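Here is a short note for someone opening this structure for the first time. Please read it with the model in view.

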Amino acid sequence: MSNRTFARRLDRLRFSSSLASMQRIRELRATGVSVIDFGSKFDTPAHIKEAAIRYVDQPQASFYADPRGIPEFRAAITRKQARVNSMIIDPDTEITVSPGGKAGLVATLLALVEAGDEVLLEDPGWLSFDPMIRLTGATPVPFPIRPENDFQLDPADLSSRVTPKTRAIVLCSPHNPTGAVLSHETLAAIASIAIEHDLWVVMDEAYEHFLFDGNRHISIATLEGMRERTISVQTASKTYNMFGWRVGWIVATPTVSERIRMVLSHLFTCVTSFVQAGAAAALDGPYGQGTLTIEEVSKNYEAQRNVLVEGLRAVPGIRCTMPGGAYFAFPDIRSFGLSSNEFASRLLANARVSGLSGSVFGDMGEGHIRFVFNAPLPEIEEGVGRIQHYLKSV
Ligand SMILES: Cc1ncc(COP(=O)(O)O)c(C=O)c1O
């Protein structure tokens, strides 16, 4: 028996299927194959880049930054939190800047839970939550959100899985992969479960700006009794086309923030200062994509959603819930009699359209495919045409 063993925490981890899929698409495109992935083709708005460039020319850019985040960025987050999330927060004690929402979520979970604890999460749900929880040694406990309920969370499915070991609930709204948006009524029901059982709530708000059909995003931290138990994790990646910049932030009470900062400071020391300067300009500015405001981007996504979902619904055998937010459609392909993995492989091989197998989002995701729709409309139209052409021929 070797002493050079691996941590058992990693036994059930796999690499991220979405990153693997992006790599496969890059490789196919490099060989000249035209693959449609419906993904963003947009650039970070110019004023954000200019702010980062201005900062990098200043002497302080060479040094470690404040582990909480540079003051300018924390001030911008405080303004945004008041404007968008109706939360008045203290920039000195309630914000921690992280290298992306992902790192913010992992640091939060590392600060809150450990081996022997259980963490509740939606199934289907974002594919990184399960491995993130396992990295802490805690046990993920999935609860279903159901297609017949338009993937709306049923609080009874959540409360029935609470045990004496439950410590936290992880939520994501608007939701990846289904686009479901948690209503005030559902959030209130979740809040009362969290309060009754004295649980943490980790709320991933990565897609908070992308809402359709008049939906509203509500931060669960603003509900009565929730501020002290909620950790809100946000990111610049999606809203401002800053995916590669790696910058996000966490809003939590001073005690929780200190714990999270302890984890992050040993992992990263601080987030790259000039990236934060760019992100500060992003939060203070109106633009999300080129010179389109965030509201205009969201309107575009709504139009793109309509073309994608209506195009999918036109294929006999496909059922598709209308997503209320984010930029994901999660059609039901069970009538084709294939596993979702096989369906996604065939779609890529034959129609040259990329979607992710629903099974990577949890057992309840099987029988579904996740398509994104943040590409320009002509690409959505072209992709929908390819899907229809292929599926009508099989
Ligand atoms: C639901 C959800 N949360 C968080 C993230 C993290 O984004 P980032 O680490 O780029 O901030 C993503 C990105 O894929 C996501 O889909």
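The points below take up a helix pair, a sheet and a pocket.

1. First, a caution. This is a predicted model.

2. Start with helices α11 (residues 340–351) and α12 (residues 377–393). They pack at an angle of about 105°, and their axes lie 10 Å apart. Angles of 65 to 115 degrees count as roughly perpendicular, so α11 is roughly perpendicular to α12. On the α11 side, the contact is made by Phe 343, Arg 346, Leu 347, Asn 350 and Ala 351. Helix α12 contributes Arg 386, Ile 387, Tyr 390 and Leu 391. By class, this contact has 6 nonpolar, 1 polar and 2 charged residues.

3. Next, look at the open sheet of 3 strands. Its order is β10-β12-β11, and the pairing is antiparallel. Strands β10 (328–329) and β11 (356–357) stand at the edges. Each has a single partner strand, so one side of each is left without a neighbour in the sheet. Between β10 and β12 (residues 369–372) there are 2 bridges. Ala 329 has Phe 371 of β12 as its bridge partner. Helix α11 packs on this sheet and touches β11 and β12. The direction of α11 makes about 45° with that of β12.

4. Finally, the largest pocket. Its volume is about 1,000 Å³. The lining comprises 38 residues, and Ser 18, Met 22, Lys 238, Phe 243 and Arg 370 lie nearest the centre. By class, the lining has 15 nonpolar, 14 polar and 9 charged residues.

5. Which elements each supply at least two residues of that lining? They are α1 (17–30), α4 (101–112), β6 (230–235) and β12. The largest share, 7 residues, comes from α1.

Technical notes: Residues numbered from 1 in each chain as written. Predicted model: local features only at pLDDT ≥ 70, side-chain atom pairs only at ≥ 80, totals over all residues. Heavy atoms only, no water. Axes fitted to C-alpha atoms, helices over the stretch in contact; angles between N-to-C directions. Helix = DSSP H or I, 4+ residues; strand = E, 2+ residues; numbered from the N terminus. Parallel < 35°, antiparallel > 145°, perpendicular 65-115°, else oblique. Contact = heavy atoms within 4.5 Å. Nonpolar A, V, L, I, M, F, W, Y, C, P; charged D, E, K, R; others polar. Pairing = 2+ DSSP bridges. 1 Å grid on protein atoms, 1.4 Å probe; cavity = no way out; pocket = protein on both sides within 12 Å on 5 of 7 lines; lining within 4 Å. Points joined across faces, edges and corners; volume = space filled by probe spheres on them.
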